[in-house]
Structures are given as C-alpha cells and as structure tokens.
Amino acid sequence: MTTAILDRLGARGRSVPAKYVPVLVTAGLFVAMFVAGGIRYEGFATGQVILNVFIDNAFLLVVAVGMTFVILTGGIDLSVGSVVALSTMISASLMAGPGWPPYLVVPLVLLIGSALGLVMGYIVHAFDIQPFIVTLAGMFLARGLCYTIGTDSIPIEDPTFTAFAQTRIDLFADLWISPSVVIAVVVVLVAAYVLHYTRLGRTVYATGGSEQSALLMGLPVGRTKVAVYTISGFCSALGGVLLSFYMLSGYGLHAVGMELDAIAAVVIGGTLLTGGSGFLLGTVLGVLVLGLIQTVLSFEGTLSSWWTKIFIGLLLFVFILLQRLFSARRRT
Amino acid sequence: MKRLLWPLLVLAALLAVNLFFTPSFFSVEMKEGHLYGSLIDILRFGAPLILVSLGMTLVIATGGIDLSVGSVVAISGALACLRISEDGGVFSAVVLALGLCVLLGLWNGFLVAGVGIQPIIATLILMVAGRGLAQLIADGQIITVNSPSYKVIGGGYLLTVPFGILLVLVVLGVTAFLTRRLALGVLIESVGGNAEASRLAGIRSRGIVITVYAFAALCAGVAGLMISSNVSSADGNNAGLWIELDAILAVVIGGTSLAGGRFSLGGTVLGALIIQTLTTTIYSVGVPPETTLLVKALVVAAVCLVQSPKFRDKVFRRAGPRSSPRPAAEEKVRVTA
C-alpha cells in the first residue's frame, strides 16, 4: 500500500518538493480519518469535533511545539512530561497554600520551566553529554520535585483561575473554543515565525542538518542548542499552565508519558528525528491525528483505552517507514 | 579495571552511608534454611534490573538503545499469568512468554538492522504499542495467579539462596562466557564502533544486531516473569514502568559509552546495584520515599558529569596542569552510507 502511495506521489514529484510530502501524507491521513469517522458515526463530521480535539489537546500542542525545536537540532527532550507536572504542582500549591494571585504564579512557573530547560541545554552543550541522558536526569529531577511538594492531588480554587478556565469563546454558528486554544494557536504562530523567518530558526535547521558544517560556517551552534532546550522548557511550563486550566488541579502524576506523545506527534508530523528537516505545521497535524484517534475510539465506545496506544504505535511504524523510504529514495 | 573505579567508589560510599545509619546492615543470617539480610535483599530486588541492564548493555554496545524493555517486561508477565490462570501449566506458560519476548526482540532487531530505522525510534514503537499489547493480553485487568511453582521464579529459594539471584548469576555467566571467551564480544564492539567498516571487514553486522535485540528482549522477558511471580500477579499498566530508563542509567553509570563500541558487563552489574542500593538507602536513612527520584536525578547528573571528559577538563584544569589532552579515541566518526 505504501509503495503505491509513494509511486503516485513520485509521479507528481515535480510539482511537490519532497520535503513537503510527509506533511501532506499526515494531512491526507487526518482528512481520511475525519471523513471515515463522519461516514461511520452520526454527529461526527461537525466543526465542533475538530475544535474539541484542539480544546482537549491544547497543552500537548504547546509541548510538541517545543519538542519540534529540540528535535530539529537533532536532540531530544525527555523531561517535558515531568516539567508539565511540576508546573501544575507549583501553580496549585502556591495558589492553595500562601494564596498567591495567578498573575504572579503563572510568570513564576514559566520562569522555572525556562530555567530548567536552560540548565539542561547548557549541560548538553558545555559538557558534551548526550541530550537523552541529560534530559532523563531532568525528568527524574522534575518528577522528584513534584513528589517533594506533595504526593496528593491539590485542587485549584482560585476564582480568577477557574473563571479563566471555564470561559467559552463563542465563534460563529454554535462553535466554541477555550482560551487555552487561543494561547496554543498564538504559540504555534510565533514559533512558526521564529523557525522560518528569523536567524535563530535558520540556525536551528542548520545545526540539525550538520552540526559540523554549521560550526564551520561560523553559526552560533552552542547558543542555539542552549536556546532550543530553553524554548522547550518554556513550552512545557506553558503546557503545564494550560493543563492546570484543563484539570483545575496540580498532581505529581499528571502528564505521565506525555514526552512520548509529544515525540510521536512530531514524528507523525514528518519531522526527521536526526534533525534538520520538518515543519511546525506537521507537528500541529501530528497532534490533531493523535487527538482524532482518541475521538474515534470514544465514538466507537466498545474499544478500550489501550487500543489508543496500539494505534499510535502502528501509526508511528507506518510514518517512520515512509520517512525511511523517502530518505532512501533521495539518496539514490 | 580503572573504568570500574568510579562506580565501585560510589557503591562503597552508598553502603558506608547505610552502615552509618543501620549498624547491622552488613549482617547476613540464616533463618529456616534461607539467607536473610539487607545485602541479600538488595541483590534479590535488584535482580530484574540487573537482567534488563545486561541485555541493554549489549544493545548499547552496538551503538543502539532499546526503549521497549519495560513494555516487554509487562507483556511477558501478563502472558505467563494469563496462561497459568487458564490451564495452570507453569512450564508451557514460561516457554510461551519467553518465546513471544524473543519474537518481539527479533522485530526490534529487524526494524533496526533490516529496515535501517534509528534504534531509539524503532524501539519507541514497541514501547508505546507494547504497553497497549500487555493490557490487551490482560484485558485491562490485574491477573492474579496462585501457583507455588510459578512463585519460585521471583520469590523462591534454592540451596538457601533466593532463586532470582541464582538466575542472574547463570545469565551473567553465560553472557560473560559468550562475549568475553568467544569472539562474539569483539564482533559486537566492532559493529558498535563502526557498522560499515565491520561489514566491509566481513562481519555480518545485521545478524549480530538482530541477535543482540532478541537477547535484550529475552532478558527483559525473564525479568518480567520474576517481577510478576514475586507479587503473584501481572499488571499490564505498571509492571516494568520506567525500568528501561533505570537500565540505561545502570549501563551509563557502569561506564559503557552510549555511542557504542565498547561495553563492560561488570560495570553494568555495579550500576544496577548502585541504583537498587540507592533505593534501599533512601528507605533505611528515613528520607521520605517521595524524594527517591530527586536523589536519583542528582546521582545521575553527578555520575554523567564526572564521566564527561570536557567536564573533567574544565574542573580539574584549575586544580593542576594536566598533560594528557582528550584522547582521540573518544571522537567517533559517523559514517553515513
């Protein structure tokens, strides 16, 4: 089946550059899933279903954006899930205990997340230790800090915070979104601008393409590497704030395994894990596909939650195989 | 031997801390024909981690990594417990579970060596899907079994020694023999050093990589049996959760480079023991168990920094002039074919 798709795409190869193909495949998959769902289930093919995917996955979208930066440089960040949990925990405990107002808590949380990312990025760059191990230590550290703050779930009852969390922004024709979606979309737009229209973005791609060449070209590789981990830390913290809007609680067991979802979304979105190639739009589509799988499973009703994992695994397999076939074809 | 110095020092320091807080820490006594004591406990509870880490060592030596071992642990336990709860045949259940694990390992190896996918991604697939598979086998339930002969694997004793420890010794002995007395170890290291060069030198690197992944999955399978038999139940959701990270940690602490090309089985065993001792220490010292992860993170950071040549250069240069520059052997040339 995959070869048939490849041949068809190959025939159009002149009009569609190869670098857009993975994103197009993901977009095609999303549309196909949506159409199939619309035919199979009543009340599926509505705009609100897609908006709900955004509402339920706004935090994952923000986290995946940060992950895209890191993966584009050829690194990986395993700490995102724990930093998300830590953010929910810090905001909940500061608002519940000393009664800090949200406009103090949120900037503080964002600062802590960015600082964690900065430290990890610095260690990766300065001491030449694999990102995998450094961010693994960061993952343990952040999770450990969560449990040190408290082992129980802390509810968030701050009136401003809950009011913001329960706000509905009405669009046309009965459609609505949450403020979190607006924040996530802004993050995506800013990140896309940074990646494609700024010097930092070009250096990110260059570093991922070949670190050695980027160094020889005189690009600030070290600074860029530190920057991407800081961005990822910031995005994780922001994702944590959005998750606390969604959950209205802080808990050390929030977002367990979210780093895998984020990595899966980036891969399904067509970004090469070796770095240097990929688009932010792909990541958005990747998150949407993951969200739509969950929606389909909830519409199906009889299927249990573990099928989500199996489907995500299968999708990962298919997309990695596709990537592999394309990169093999490009070389020959 | 010099490579094992740091892990040995860390382990000794951890044990010394324990001795300070519990003076009877080193005492091992006989009760009802079984060995008891804190040291035996560390070995017994550390047995599954040592097994998984042994498999991981060989995978990392080929320049790969296996993230799926935790899921394989869950799958093996779930399948064995399911079979036992259905018809009670312990032997056939164990063989079936381990057979499936080897199959999963072959799948990983095929993806890495046959299709040519990056190891971290190839095994990520099974890591995500495997958890679902384990829950599918167990139907989302925690399967409890009541079988004395199955209980032996994780909780039994043979010749006064816990069975798990003996199992680890056997696997360790066989692995050490295969890799250090036969040519296999050198072949694995050469594949990890430079896969393309070793292929040109006439080594069937593909076969070696597939074997190594199958071995890692088999080790994880045995560990899964041990864990599930120790608690007489299989939990598809939580069995072996994060054990892949602990195993990678144990390998790195043991001085095996994540870049591949060399490995140390002794170092890995030490690394796994350090992690297990750390957990025990945290309990015996009276630090709240919630901080286990925090302490673990600090230890990992410290060990990794000490092993990083750049860090040692930066820190120790001030203490005194160092004549030896960074060894050229550390630099790895990536060949993209």
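## Around A:Phe234

Setting aside neighbours within four places in sequence, A:Phe234 makes contact with A:Gly66, A:Leu110, A:Gly113, A:Ser114 and A:Gly117. This is a predicted model, so read these contacts as the predictor's version of things. The residue sits in helix α11 of chain A, which runs over residues 221–247. A:Phe234 counts as buried because it has 22 C-beta neighbours inside 10 Å, where 20 or more are needed.

For a sense of distance, take A:Ala165: it is 69 residues away from A:Phe234 in sequence, and the two C-alpha atoms are 20 Å apart in space.

## The nonpolar core

The largest nonpolar core has 206 residues, and the members that touch the most others are A:Val62, A:Val63, A:Leu316, B:Ala216 and B:Cys219. Helix α10 of chain B (residues 205–230) is the top contributor to this core, giving 17 residues.

What does A:Val62 touch, once neighbours within four places in sequence are left aside? The list is A:Ala184, A:Val187, A:Cys235, A:Leu238, A:Gly239 and A:Leu242.

## Helix α10 of chain B

So how does α10(B) itself look? It has 26 residues and spans 38 Å from its first C-alpha to its last, close to the 38 Å expected at 1.5 Å a residue. Of those 26 residues, 23 are buried, so α10(B) is largely enclosed by the rest of the structure. After the helix comes B:Ser232, with a positive phi near 55°.

The helix also turns up in the annotation. An unreviewed UniProt entry marks "transmembrane region" over several stretches of chain B, among them 208–227 and 239–258. In the model, residues 208–227 of chain B are 100% helix and 0% strand, with end C-alpha atoms 29 Å apart. For residues 239–258 of chain B, the figures are 55% helix and 0% strand, and the end C-alpha atoms lie 26 Å apart.

Elsewhere in chain B, B:Ile42 belongs to helix α2, residues 38–61. Is B:Ile42 buried or exposed? It is buried, because 21 other C-beta atoms lie within 10 Å and the cut-off is 20 or more.

Beyond neighbours within four places in sequence, B:Ile42 is in contact with B:Leu273, B:Gln276, B:Thr277 and B:Thr280. B:Leu278 is 236 residues from B:Ile42 in sequence, yet their C-alpha atoms are 9.6 Å apart in space.

## Where the chains meet

The contact between the two chains takes 35 residues from chain A and 31 residues from chain B. On the chain B side, the elements that give two or more residues are α5 (119–137), α11 (243–253), α13 (292–307) and α14 (309–319). Of these, α5(B) gives the largest share, with 10 residues. By type, the chain B side splits into 20 nonpolar residues, seven polar and four charged.

Two residues of chain A have a positive phi without being glycine. A:Asp128 has a phi of about 60° and sits in the loop between α5 (102–127) and α6 (131–149) of chain A. With 13 other C-beta atoms within 10 Å, A:Asp128 is partly exposed. A:Leu248 has a phi of about 55° and lies in the loop between α11 and β4 (249–250) of chain A. A:Leu248 is also partly exposed, with 17 C-beta neighbours inside 10 Å.

Helix α13 of chain A (residues 280–300) has 21 residues and reaches 30 Å from its first C-alpha to its last, close to the 30 Å expected at 1.5 Å a residue. A:Gly301 follows α13(A), and its phi is positive, near 80°.

For the complex as a whole, the predictor gives an ipTM of 0.73 and a pTM of 0.81. Chain B has a mean pLDDT of 82, and 93% of its residues reach 70 or more.

Where pLDDT is low, the predicted coordinates should not be read in detail.

Notes: Residues numbered from 1 in each chain as written. Chains lettered and ligands numbered in written order. Predicted model: local features only at pLDDT ≥ 70, side-chain atom pairs only at ≥ 80, totals over all residues. Core = buried A, V, L, I, M, F, W, Y, C linked by C-beta atoms within 7 Å. Buried ≥ 20, exposed ≤ 12 C-beta atoms within 10 Å, placed from the backbone. Helix = DSSP H or I, 4+ residues; strand = E, 2+ residues; numbered from the N terminus. Contact = placed C-beta atoms within 7 Å. Nonpolar A, V, L, I, M, F, W, Y, C, P; charged D, E, K, R; others polar. Expected span 1.5 Å × (residues − 1). pLDDT = per-residue confidence, 0-100. UniProt positions renumbered as here; feature names shortened; annotations may be inferred.
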